[in-house]
Amino acid sequence: ANMAYARAPDFALKIGPWSFFCFCGAAEFREPEIEQLDDDRAFEPLERPCSLNNLHDEEQGQLEDALPNFSGEWLLVKAEGDWDSFLKEMDVGYMTRTMVQAMGYGVGVMKQIVEHQSNELKVTLISPKGTSTSTIVINGVEQESVDPMDGKMVKVVPCWRGNALEVKSRWADTLKELPVNRRFLKGPQMIIESTTASGLVVKRVFEAKEKG
């Protein structure tokens, strides 16, 4: 059943080979090699240009003004949806799923410090387990990336979909697709919505830390 978790765990937990902490940011960006894939293994075509680089200065400024800016220090305050089924689909075992459920899925502990300038997004993840930083370039181009919690290579495609930042990702070795993440603002909150291949959706709700 769908539930919303709002209690703080004693510590945050890495989940096997995949961490729900991260959005899969690029630790090092370089122009990707062109890889020919079968149609059923390739990402869906992009619906609109994602890069700001090829626009005139005036057009780029207008587009940047219209898009949300995620800069700030954010605290996870709620985890919504059927997280047990979500983790099961990610091949997480029963014992681990039970443990992270008891700890509230990071609510009240996990923080993100976001630095967002133009088409570059830098996210610093902070938890009792440690701190890690990753960066993505929002340009619709597949980028070599690293899961900051595990160091396992992934490939990501960051792109604007309306006012939401969508990041598609897959393992670099097997090309198996991972959940699609959408980051967007809703009033004073930042939402990260994750959707699995079967269509299951879970959400993490962040609120900005008050200054001073």
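Q: What is the relative accessible area of Glu115, a residue that counts as partly exposed?
A: The structure is a predicted model, in which local features need pLDDT of at least 70 and side-chain atom pairs count only at pLDDT 80 or more, while totals for chains, interfaces and linings use all residues. Residues are numbered from 1 along each chain as its sequence is written, and side-chain values use heavy atoms, with hydrogens and water left out. A residue is buried under 20% relative accessible area, exposed over 50% and partly exposed in between (1.4 Å probe, protein chains only). Glu115 falls into the partly exposed class because its relative accessible area is 43%.

Q: With which residue does Glu115 form a salt bridge?
A: Side chains of opposite charge can pair when their charged atoms come close. A salt bridge here is a side-chain nitrogen of Lys or Arg within 4 Å of a carboxyl oxygen of Asp or Glu, and the closest N and O atoms in the bridge of Glu115 are 3.9 Å apart. The partner is partly exposed, with a relative accessible area of 31%, and this partner of Glu115 is Lys122.

Q: How many residues apart in sequence are the parts tied together by Lys209 and Glu73?
A: The side chains of these two residues meet in a salt bridge, with 3.7 Å from N to O. Lys209 lies in the segment after strand 11 (201–208) and Glu73 in strand 2 (residues 72–81), so the parts that they tie together are separated in sequence by 136 residues.

Q: How many salt bridges does a search of the whole structure find?
A: The bridge between Lys209 and Glu73 has been described above, as has the bridge between Glu115 and Lys122. Over the whole structure, the number of salt bridges found by the search is nine.

Q: How many aromatic pairs does a search of the whole structure find, and what is the angle between the planes of the stacked pair of Phe70 and Trp160?
A: Rings of Phe, Tyr and Trp (its six-membered ring) pair if their centres lie within 6.5 Å, and planes under 30 degrees apart count as stacked, over 60 as edge-to-face and the rest as tilted. The search finds three aromatic pairs. The rings of Phe70 and Trp160 lie 6.1 Å apart, centre to centre, and the angle between their planes is 15 degrees.

Q: In which strand does Trp160 lie?
A: The pair of Phe70 and Trp160 links distant parts of the chain, 90 residues apart, with Phe70 in the loop between helix 1 (57–66) and strand 2. Phe70 counts as buried at 0% relative accessibility, and Trp160 counts as buried at 2%. Trp160 lies in residues 153–161, which form strand 7.

Q: Which residues form one aromatic cluster?
A: Trp83 and Phe86 form an edge-to-face aromatic pair, 5.3 Å centre to centre with 65 degrees between the planes. Both lie in helix 2 (residues 83–89), three residues apart, about one turn of the helix. Trp83 counts as buried at 2% relative accessibility and Phe86 counts as buried at 0%. The cluster is made up of Trp83, Phe86 and Tyr105.

Q: What is the C-alpha to C-alpha distance between Phe206 and Lys78?
A: Phe206 has its place in strand 11 and counts as buried at 0% relative accessibility. Phe206 and Lys78 are 128 residues apart in sequence, while their C-alpha atoms are separated in space by 7.1 Å.

Q: What is the mean pLDDT of the protein?
A: pLDDT is the predictor's confidence in each residue, from 0 to 100, and it stays under 50 over residues 6–37 and over residues 39–49. In the protein, 66% of the residues reach 70 or more, and the mean pLDDT is 77.

Key
Helices (H or I, at least four residues) and strands (E, at least two) are DSSP runs, numbered from the N terminus. Contact means heavy atoms within 4.5 Å.
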